[in-house]
Amino acid sequence: MGSSLGSPKKLPEVDMSGKTIIVTGANTGIGYETAKSLAQVGARVILACRSETKALEAIERMKKEHVEEKADANKARVKTKVDELDLEFMALDLGSLASTKSFAEAYRAKGLPLHVLVCNAGLIAYGTEEPTADGFEIHFQVNYLSHFLLTLYLLPVLKSSGPESRIVSVSSLMYRFANWDEADFQTLKTRATSKKYANSKLYQIMNMFSLSRRLDGSGVSVFSLHPGVVDTDIARREGQQMSGASKTVLRMLRASKIMRSSFDGALTTLHATANPEYDGKSALYFESGKPQSLSSLPRSEEKQELIWKYSMDCLKDYVTEDVLSSELTSQ
């Protein structure tokens, strides 16, 4: 969330023909509009989602809307480059490191290039303190750690598909409310859902800097962004309920008219993903469709390296520093 008012600037006319893009959590909200728009400008888009049923329904809906927008230019919100959308579902459950690894291995086995990885999926898990099957706090894993693992496994494909490949993380201005505690990176000491969410978004931004340093000269750029206050279903997940106070805040935000539509929220993602203005640049944080400054905490290289080391310790059963070092330094 955040307090940005109005809509971000429109995406300039772009042509992503020949590009292959993965969008996590692409069956709803910002991810849906991101995937659809990128397909409309020519990209082959992989919808990486937990639910096959929901993803396939989303694909059919995207195709139907595309036909309608082709027939009525007033409905179109991007400059369409194709007659038919190239969309594909692949199963990914970010609540499971094993599923995340399996997804990456299945993708690599396809032999496809990967020009952009959009780490969009995220949650606010109201009403639960249950850890994931891997034993991690759910916001820490779903919003941050599993995306980190996914990125590491797909780095070879991103590098070989460049130059100008991109990694884009949908973070949040909520990072400003994170609580930095080196003895409690998973925010287990607090029951405040907002703090858990804020910390996971902080780590996404810090990881952008850490990866960007390690990928310098590789042809892979790393970006993060705040999409604005967007009316999505980020809080909806099976077996979880929003608190009464949270529902009240949501109603107030909707009534205030400051919430963006999912497409307006996706516009910032689209700039970070497809705008050629940012070719050759890296470690940029976007708000309202353009790069913005960050507070001091996420910019601390010392702290970035601390969360990097902690994250690698969490992933020690899936990736080793030796293998990772080789991949990050070889050009």
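Visitor: How many aromatic pairs does a search of the whole structure find, and how is a pair of aromatic rings described?

Guide: A pair of aromatic rings is described by two quantities, the distance of the centres and the angle of the planes. In this model, which is predicted, a search of the whole structure finds 13 aromatic pairs. Take Phe140 and Tyr203, whose ring centres lie 6.1 Å apart and whose planes stand at 80 degrees, so that the pair is edge-to-face.

Visitor: Where in the chain do Phe140 and Tyr203 lie, and are they buried or exposed?

Guide: This pair links distant parts of the chain, since Phe140 belongs to helix H4 (residues 138–161) and Tyr203 to helix H5 (residues 193–214), 63 residues apart. With a relative accessibility of 2%, Phe140 counts as buried, and Tyr203, at 1%, counts as buried too.

Visitor: What is the geometry of the rings of Phe140 and Tyr310?

Guide: Their centres are 5.9 Å apart and their planes are at 65 degrees, so the pair of Phe140 and Tyr310 is edge-to-face. Here again distant parts of the chain are linked, with Phe140 in H4 and Tyr310 in helix H9 (residues 301–314), 170 residues apart. Tyr310 itself is partly exposed, its relative accessible area being 25%.

Visitor: Which residues form one aromatic cluster, and which ring does Arg214 lie over?

Guide: The cluster consists of Phe136, Phe140, Tyr144, Phe148, Trp180, Phe185, Tyr203, Trp308 and Tyr310. Arg214 lies over the face of Trp308, at 3.8 Å from the ring centre, while Arg77 lies over the face of Phe263, at 4.4 Å from the ring centre.

Visitor: Which residues of H9 are buried, and where on the helix are they placed?

Guide: The buried residues in H9 are Gln304, Ile307, Trp308, Ser311, Met312 and Cys314. They lie on the same side of H9, because the arc that they cover around the axis is only 150 degrees. The face turned away from that buried side carries the exposed residues Glu302 and Lys309. As for its length, H9 has 14 residues and reaches 20 Å from its first C-alpha to its last, close to the 20 Å expected at 1.5 Å a residue.

Visitor: Let us turn to the strands. In which sense, parallel or antiparallel, do the neighbours of E7 run?

Guide: Strand E6 (residues 220–226) pairs with E7 (residues 284–287) in the parallel sense over four bridges, whereas strand E8 (residues 290–292) runs antiparallel to E7 and is joined to it by three bridges. E7 and E8 form a hairpin with two residues between them, and Ser288 in the turn has a positive phi of about 50 degrees. Both faces of E7 are covered, with Leu284 and Phe286 buried on one side and Tyr285 and Glu287 buried on the other.

Visitor: Which residues touch the most other members of the largest nonpolar core, and where does the largest share of this core come from?

Guide: That core has 61 residues, of which Ile22, Tyr107 and Tyr203 touch the most other members. Several elements each supply at least two residues of this core, among them strand E2 (44–49), helix H3 (97–110), H5 and H9. The largest share, 14 residues, comes from H4, the helix that holds Phe140.

Definitions and conventions:
Residues numbered from 1 in each chain as written. Predicted model: local features only at pLDDT ≥ 70, side-chain atom pairs only at ≥ 80, totals over all residues. Heavy atoms only, no water. Phe/Tyr/Trp six-rings, centres within 6.5 Å; stacked < 30°, edge-to-face > 60°. Buried < 20%, exposed > 50% of the residue type's maximum accessible area, 1.4 Å probe, protein only. Lys NZ or Arg CZ within 6 Å of the ring centre and 35° of its normal. Pairing = 2+ DSSP bridges. Expected span 1.5 Å × (residues − 1). Arc of directions from axis to C-beta. Core = buried A, V, L, I, M, F, W, Y, C linked by side-chain atoms within 4.5 Å.
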